[in-house]
Amino acid sequence: MKHLHGLIAAPFTPMDATGAINLKLIPEYYRLLKANGVTGAFICGSTGEGVSMTIAEKKAVTTAWAECKKGDNDFTVMLLLGGTCLADCKELALHAQAAGIDAVSFTGPFYFKPASVEALAQCCAEIAAVVPEMPFYYYHIPVLNGVHFAMIDLLKAVGGRIPNFAGVKYTHEDFMDFLSCIHFGNGKYDMLWGRDENMLSALAIGAKGAVGSTFNYAAPLYHQLMDAFANGELEKAAQLQQQSIDMIRLLGKYGGIATGKAYMKLIGLDCGTFRLPVTNMSQAQFAQFRADVEALGFDHYKSRPEAKTHS
């Protein structure tokens, strides 16, 4: 299985004014990501509100993204199956396979949590077995699912019993664990970094691919960061990472993950609002948010529909 490289966006699921899924926007979304040199989409994840969607909705979103990327071998679509009901995950995995997307992912059960890393590995094995030809990724995000096992221990527990286990989407700050996973099995597994605000640190220890929500609306910033790092311009790379941090800090100021959809409005792709229990900013807050974003110089590095594909 190939290792993924570059920026993989975690798309927001477009919603209309009633809160229903807006599938008509997905082709435009796909073209936006392509235009800005993004190499893939991790759909129905945290940013995509997968936990707030029905199975039918996730199937519909999966099919829509599969239609967009049909014949595009340079763009990878991966579906987060879920993390509570294994039967639902299996059903979605089979749908993903039939739809023709590239890979599936699973996160640790977050209500009845696995008591051991071995139990977590058993969950992965059971789901991965229904789509043995598809790359299967584990999604490590302990801040949200409360499953705190070290991923090096999961890779050891997986061993050779899950032939299609491809790697880990790693959304955590344990660089010691991440580096050990990169080196495990002579680099066998694909380790995708998931903290946009720490990308430079991840690049320094060997990350080649990353999955992030801010790549939706600020991909050019991260391309510049990666280029600066590759060229040995570390001070410039650090300055660009600081721009990323300043941008991400506004998410906290304006209520969290839903602020990402406000950024999308500013680049001209209105994905609606987040579903409850996530709250959204008011119109008055949006006006102040727009002013704060302008003060960051966001226009200089935001994603643009007319952008040229990054080489």
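Which charged end sits over the ring of Phe286? Select Phe286 and Lys265 together: the charged end of Lys265 sits over that ring, 5.6 Å from its centre. A charge counts as sitting over a ring if NZ of Lys or CZ of Arg is within 6 Å of the ring centre and within 35 degrees of the ring normal.

The model shown is predicted, so local features need pLDDT of at least 70 and side-chain atom pairs count only at pLDDT 80 or more, whereas totals for chains, interfaces and linings use all residues. Residues are numbered from 1 along each chain as its sequence is written, and side-chain values use heavy atoms, with hydrogens and water left out.

**Stop 1: around Phe286**

Rings of Phe, Tyr and Trp (its six-membered ring) pair if their centres lie within 6.5 Å; planes under 30 degrees apart count as stacked, over 60 as edge-to-face and the rest as tilted. Both residues belong to helix H12 (residues 283-295), where, being three residues apart, they are separated by about one helical turn. Helices (H or I, at least four residues) and strands (E, at least two) are DSSP runs, numbered from the N terminus.

Phe286 is buried, with a relative accessible area of 13%, and Phe289 is buried at 0%. Buried means under 20% relative accessible area, exposed over 50%, and partly exposed in between (1.4 Å probe, protein chains only).

**Stop 2: helix H11**

Select residues 259-266, which form helix H11. Seven of its eight residues are buried, so this helix is largely enclosed by the rest of the structure. The buried residues are Thr259, Gly260, Lys261, Ala262, Tyr263, Met264 and Leu266. What covers them includes helix H1 (26-35), helix H9 (215-230), helix H10 (234-253) and H12. Just after H11, Gly268 takes a positive phi of about 95 degrees.

**Stop 3: the nonpolar cores**

Now select Tyr217. Leaving aside residues up to four places away in sequence, Tyr217 touches several residues, among them Phe12, Met247, Gly260, Tyr263 and Phe298. Contact here means heavy atoms within 4.5 Å.

Tyr217 is also one of the residues with the most contacts inside the largest nonpolar core, which has 97 residues; others in that group include Trp65, Phe106, Phe289 and Phe298. A nonpolar core is a set of buried Ala, Val, Leu, Ile, Met, Phe, Trp, Tyr and Cys residues joined through side-chain atoms within 4.5 Å. Helix H9 gives the most to this core, with nine residues. A second, separate core of 13 residues includes Leu4, Leu80, Ala166 and Val211.

**Stop 4: the parallel strands**

Select strand E6 (residues 165-170), in which six of six residues are buried. Strand E5 (residues 136-140) runs parallel to E6 and is joined to it by five bridges; Phe136 has Phe165 as its bridge partner in E6. Two strands pair if DSSP finds at least two bridges between them.

E6 and E7 also run parallel, joined by four bridges, and Tyr170 has Trp193 as its bridge partner in E7. From E6 the chain crosses through H7 to E7 in a right-handed β-α-β crossover. Right-handed means that, with the strands pointing away from the viewer, the path from the first strand over the helix to the second runs clockwise.

Move on to E7, where both faces are covered: Asp190 and Leu192 on one side and Met191 and Trp193 on the other are all buried. E7 pairs with strand E8 (residues 209-212) in the parallel sense over two bridges, and the partner of Trp193 in E8 is Ala210. E7, helix H8 (residues 199-204) and E8 make a right-handed β-α-β unit.

**Stop 5**

A search of the whole structure finds 20 aromatic pairs. For one of them, select Phe175 and Trp193: their ring centres are 5.0 Å apart and their planes at 20 degrees, so the pair is stacked. This pair links distant parts of the chain, with Phe175 in helix H7 (residues 175-183) and Trp193 in strand E7 (residues 190-193), 18 residues apart. Phe175 is partly exposed at 27% relative accessibility, whereas Trp193 is buried at 1%.
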